[in-house]
Amino acid sequence: MPVLTDHVQAYLESLRAERSPVMAEMEEVAAREGVPIVGWETGRLLAVLCRVLDPRVLEVGTAIGYSTLHMAEQLSEGRITTLERDPDRAAQARGFWEQAGLAGRVELIEGDARETIGGLEGPFDLLFVDAQKADYRRYIDLALPHLSERALVAIDNLLMSGEVGRPEGSDTFWSAENLSAARSLSSEIMGGGEWLGVVLSVGDGVGLAVRR
Ligand SMILES: C[S@@+](CC[C@H](N)C(=O)[O-])C[C@H]1O[C@@H](n2cnc3c(N)ncnc32)[C@H](O)[C@@H]1O
């Protein structure tokens, strides 16, 4: 469910460029198999950041590799390490990157990110968090020692279909645990303490933050 009003969302969708055949196939597979992937505009935001920064990326939550592909297409020297615990999705992702001719820019590490992040070789300049919502804080804490000093942290789903703005106890699609985790993270990154950050109403709500 989009965060924006229907007419603004429809307007933005009318501006969407045509997908490459691989991107289109990934969207079809995700819709058919119920795989949650970022919205097109979130993918484009990540693509722009990768084009500008050409970063070493750490992504938590690969699924079938759709957000990864948005980023990988724009890299020159930069590379992506992406973490996924579901072996079937990992295999699908690898297949799509091969098809796109970009597999050489991506390393996928299979396993639970809470266990694999600690063993990674950084530093990473962009951390994109998009896995188990209640664990976002944990992934960020585990990744921090592997980030470069001015690394950008991008976090998906912080607006959770807009439901974070509903009073606590409302009847919601997102669980109370997930809503509480998103509210607390948004308040932290926008609160002016350790982080300089913002929550954008792009896609399902994307947080962008850098440590002060
Ligand atoms: C929302 S999907 C990722 C979508 C992907 N970023 C995209 O937009 O194309 C979340 C993925 O995170 C994976 N995941 C959840 N918890 C995880 C964990 N602790 N470690 C690794 N992967 C995890 C799930 O298996 C799922 O495929």
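Two strands count as paired when DSSP finds at least two bridges between them. With that in hand, let us look at the sheet of this predicted model.

**The sheet as a whole**

Seven strands make up an open sheet, ordered β3-β2-β1-β4-β5-β7-β6, with mixed pairing. At the edges sit β3 and β6, each of which pairs on one side only. From one strand to the next, the twist averages 15°. As background, strands of a sheet pair through backbone hydrogen bonds, in either a parallel or an antiparallel manner.

**Strand β2 and its two partners**

Strand β2 covers residues 80-84. On one side, β2 is joined to β3 (residues 106-110) by five bridges, and the two strands run parallel. Strand β1 (residues 57-60) is also parallel to β2, with four bridges between them. Some of the facing residues are listed here.

| Residue | Stands opposite | Strand of the second residue |
|---|---|---|
| Val57 | Ile80 | β2 |
| Ile80 | Val106 | β3 |

How do the side chains of β2 point? Ile80, Thr82 and Glu84 point one way, while Thr81 and Leu83 point the other way. How many residues of β2 are buried? Five of its five residues are, which leaves the strand mostly covered.

**Helices around the sheet**

Two β-α-β units share strand β2. One is built from β1, helix α4 (residues 66-72) and β2, and is right-handed. The other, also right-handed, consists of β2, helix α5 (residues 87-100) and β3. Helix α5 packs on the sheet, where α5 touches β2 and β3, and its direction makes about 170° with that of β3. Elsewhere, helix α8 (residues 176-190) lies across β5 (147-155), β6 and β7 (206-211), running at about 125° to β6.

Trp195 belongs to strand β6, residues 195-200. Why does Trp195 count as partly exposed? Trp195 has 19 C-beta neighbours inside 10 Å, and a residue needs 20 or more to be buried, so Trp195 falls in the partly exposed class. Leaving aside residues up to four places away in sequence, Trp195 touches Glu188, Ile189, Ala209, Arg211 and Arg212. Leu46 lies 149 residues from Trp195 along the chain, and their C-alpha atoms are separated by 20 Å.

Technical notes. Residues are numbered from 1 along each chain as its sequence is written. This is a predicted model: local features need pLDDT of at least 70, side-chain atom pairs count only at pLDDT 80 or more; totals for chains, interfaces and linings use all residues. A residue is buried if 20 or more other C-beta atoms lie within 10 Å of its own, exposed if 12 or fewer, and partly exposed in between; C-beta atoms are placed from the backbone. A crossover is right-handed if, with the strands pointing away from the viewer, the path from the first strand over the helix to the second runs clockwise. Two residues are in contact if their C-beta atoms, placed from the backbone, lie within 7 Å. Axes are lines fitted to C-alpha atoms, for helices over the stretch in contact, and angles run from 0 to 180 degrees between N-to-C directions.
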